[in-house]
Amino acid sequence: MRSLPRMWTQGTVKWTLTLMVVLGSGGLRPAVAHEGPPYPILVDRRAGPYTLSVWADPDVGIGTFYITPESAVPADLAVELWVQPADRRIPEVRFPAVRREGRGPLLYVAEARFATEERWRTRVVLRSSEGTGEIETEVEVTPPGLGPFDLLLYAAPFAAIAFLWIKAVMNRRSRQSALP
């Protein structure tokens, strides 16, 4: 078995592994099911006369849902999000979705309040002069992330490895230049 380069003393290896474990695990906090951008929970599903897609970022506290009708919709379309724990221990709560104007596809955004980390039943209800549609699914509500600090946290192990690699290269160059 080859021996480690001189710069890799037993203490350096221990500290490097400890640093990677601590930084890579987010300070040893428990793992969660989802942190990050919204993800699709329903894609191109029929709800009455409408076809829609729903993306969600269901975090404890405020969870955001993005509802995109795929076809032309009437101007009087109203979209609601209803949420309830999957075990149905409390009644459903209604959250209206707000229409977002701008470039790109038509988008409705609903922000729901989630009290606990668990599975939640969600219903999207669409109502207009052309008819009513409803679609239901369940989502796993997770703790919110750290916001902009997530990137720093997740990049830390890679930065530590890059630092150690650069240090090794610099040590090797200094040893080579010191040789006669």
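I started at Thr51, which lies in strand β2 (residues 50-57); strands here are DSSP E runs of at least two residues and helices H or I runs of at least four, numbered from the N terminus. The model is predicted, so local features need pLDDT of at least 70 and side-chain atom pairs count only at pLDDT 80 or more, while totals for chains, interfaces and linings use all residues. Numbering runs from 1 along each chain as its sequence is written, and side-chain values use heavy atoms, with hydrogens and water left out.

**Entry: Thr51**

Is Thr51 buried or exposed? I get 17% relative accessibility, so Thr51 counts as buried. The cut-offs are under 20% relative accessible area for buried, over 50% for exposed and partly exposed in between, with a 1.4 Å probe and protein chains only.

Next I looked up its polar partner: the Thr51 side chain makes a polar contact with the side chain of Arg46 at 2.8 Å. For that term I need a pair of N or O atoms within 3.5 Å; within protein, one must be able to donate a hydrogen and the other to accept it, and residues adjacent in sequence count only if both atoms are side-chain atoms.

I then listed what Thr51 touches, skipping neighbours within four places in sequence: Asp44, Arg45, Arg46, Thr68, Pro69, Glu70 and Ser71. Contact here is heavy atoms within 4.5 Å.

**Entry: the whole chain**

I count 2 helices and 9 strands, and along the sequence they read α-β-β-β-β-β-β-β-β-β-α. The chain has 180 residues, of which 33% count as buried. Among contacts with a separation of 6 or more, 59% come from residues 24 or more positions apart.

Areas are Shrake-Rupley with a 1.4 Å probe, and for residues only the protein chains shown count as cover.

**Entry: aromatic rings**

How many aromatic pairs are there? The count comes to 2, with Phe, Tyr and Trp rings (the six-membered one for Trp) pairing if their centres lie within 6.5 Å; planes under 30 degrees apart are stacked, over 60 edge-to-face and the rest tilted.

Phe65 and Phe114 make a tilted pair, 6.2 Å centre to centre with 50° between the planes. I placed Phe65 in strand β3 (residues 61-69) and Phe114 in strand β7 (residues 107-114), so to speak distant parts of the chain, 49 residues apart. Phe65 and Phe114 are both buried.

Why is the pair of Phe114 and Trp120 edge-to-face? The ring centres are 4.9 Å apart and the planes sit at 75°, so the pair gets that label. Trp120 is buried, as is Phe114.

**Entry: salt bridges**

I find 11 salt bridges, taking a side-chain nitrogen of Lys or Arg within 4 Å of a carboxyl oxygen of Asp or Glu.

Glu80 forms one with Arg94, the closest N and O atoms being 3.0 Å apart. Glu80 lies in strand β4 (residues 78-85) and Arg94 in strand β5 (residues 93-96), so the pair ties together parts 14 residues apart in sequence. Glu80 counts as buried at 11% relative accessibility, whereas Arg94 counts as partly exposed at 40%.

Glu80 also meets Arg127 in a salt bridge, 2.8 Å from N to O. With Arg127 in strand β8 (residues 119-128) and Glu80 in β4, the parts tied together are 47 residues apart in sequence. Arg127 is partly exposed at 39% relative accessibility.

Arg89 and Glu118 give another salt bridge, 2.7 Å from N to O. Arg89 is in the loop between β4 and β5 and Glu118 in the loop between β7 and β8, 29 residues apart. Arg89 is partly exposed at 46% relative accessible area, and Glu118 is buried at 19%. I also noted a network: salt bridges that share partners join Glu92, Arg121, Arg123, Glu134 and Glu136.

**Entry: surface patch**

Which residues make the nonpolar surface patch of about 380 Å²? I get Trp165, Ile166 and Met170. Patch residues have over 30% relative accessible area and no salt bridge; like charges are joined within 9 Å, and nonpolar side chains (Val, Leu, Ile, Met, Phe, Trp, Tyr) within 5 Å. Ile166 lies in helix α2 (residues 149-178) and is partly exposed, with 47% relative accessible area.
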